[in-house]
Amino acid sequence: LPTLASLRACRLLVCRIVDPEVSFPPSAVTTDVDPEAVVPFLAATRQAAYGMEVVAARASGKRREQAIGWLGELRALALAQEEAAAGDAPSAPSAYALPLTADDADSAHRLAQYVLGALPGAYGAALAGLVPEDGEPDRRTLAAGSDWLARAAVLSDDSGTPPGAFPGLR
């Protein structure tokens, strides 16, 4: 099933290549999902949003505007995931360790590419965790995770970091 989610992300990427103005379809599902299963998605999104806050603070001009736009999208994803996780959503840490420094505009842009490039992989790992060894996976949570993966793949691509042939799969 993670492969199907990756193919959905590929489909959206191809649509964006053909027409960069294509918008995201409405979110597939954010209610009646397994709240506990949403937590890994939320953790990855919060970490990416924190990194993007640093990028927005360090960048300038057009790159700053891009970072603010990406930050808005990450915050919207985090809000949807917080609502889906309901009471299982842990409180957000006040800070995260960053994998790169962002001392100037160029290093801030590299951080943006790293943060957005890592998000599809984190979502892919969370999707893989939704598939039980025995039994049937929660389809609504898989649908929501698939939607989030597609959005993460587009953000990664927008940053200049192509998400690979099958976003979210290693």
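Start by selecting H2 and H3, which cross in a left-handed way (the near helix is turned anticlockwise from the far one by less than a right angle; clockwise would be right-handed). Before going further, a word on ground rules: this is a predicted model, where local features need pLDDT of at least 70 and side-chain atom pairs count only at pLDDT 80 or more, while totals for chains, interfaces and linings use all residues. Residues are numbered from 1 along each chain as its sequence is written, and side-chain values use heavy atoms, with hydrogens and water left out.

**Stop 1: H2 and H3**

For the selection, H2 is residues 35-58 and H3 is residues 61-85; their axes are 8 Å apart and the packing angle is about 160°. Axes here are lines fitted to C-alpha atoms, for helices over the stretch in contact, and angles run from 0 to 180 degrees between N-to-C directions. Helices are DSSP runs of H or I with at least four residues, numbered from the N terminus. H2 and H3 are therefore roughly antiparallel (the label for angles over 145 degrees). Colour their contact by class and you get 18 nonpolar, two polar and five charged residues. In this scheme Ala, Val, Leu, Ile, Met, Phe, Trp, Tyr, Cys and Pro are nonpolar, Asp, Glu, Lys and Arg are charged, and the others, Gly among them, are polar.

**Stop 2: Gln81**

Stay on H3 and pick Gln81. Is Gln81 buried or exposed? Gln81 is buried, at 0% relative accessible area (buried is under 20%, exposed over 50%, partly exposed in between, with a 1.4 Å probe and protein chains only). Setting aside neighbours within four places in sequence, show what Gln81 contacts: Val38, Phe41, Leu42, Thr45, Tyr123 and Trp148. Contact means heavy atoms within 4.5 Å.

**Stop 3: Ala86**

Now step into the loop between H3 and H4 and click Ala86. Most residues other than glycine have a negative phi. Ala86 is not a glycine, yet its phi is positive, about 50°. With 48% relative accessibility, Ala86 counts as partly exposed.

**Stop 4: H4 and H5**

Next, select residues 105-128 for H4 and 139-158 for H5; the two axes come within 8 Å and cross at roughly 165°. That makes H4 and H5 roughly antiparallel, and the crossing is left-handed. To see the contact, show Leu116, Gly117, Leu119, Pro120, Tyr123, Gly124 and Leu127 on H4, then Leu142, Gly145, Ser146, Trp148, Leu149, Ala152, Ala153, Leu155 and Ser156 on H5. By class, these residues of the H4 and H5 contact come out as 11 nonpolar, five polar and no charged.

**Stop 5: along H5**

**Last stop: Cys10**

Finally, go to H1 (residues 2-18) and pick Cys10, buried at 16%. Beyond neighbours within four places in sequence, Cys10 is in contact with Ala165, Phe166 and Pro167. From Cys10 to Leu149 is 139 residues in sequence, but 9.9 Å in space, C-alpha to C-alpha.

Terms used: Helix = DSSP H or I, 4+ residues; strand = E, 2+ residues; numbered from the N terminus. Parallel < 35°, antiparallel > 145°, perpendicular 65-115°, else oblique.
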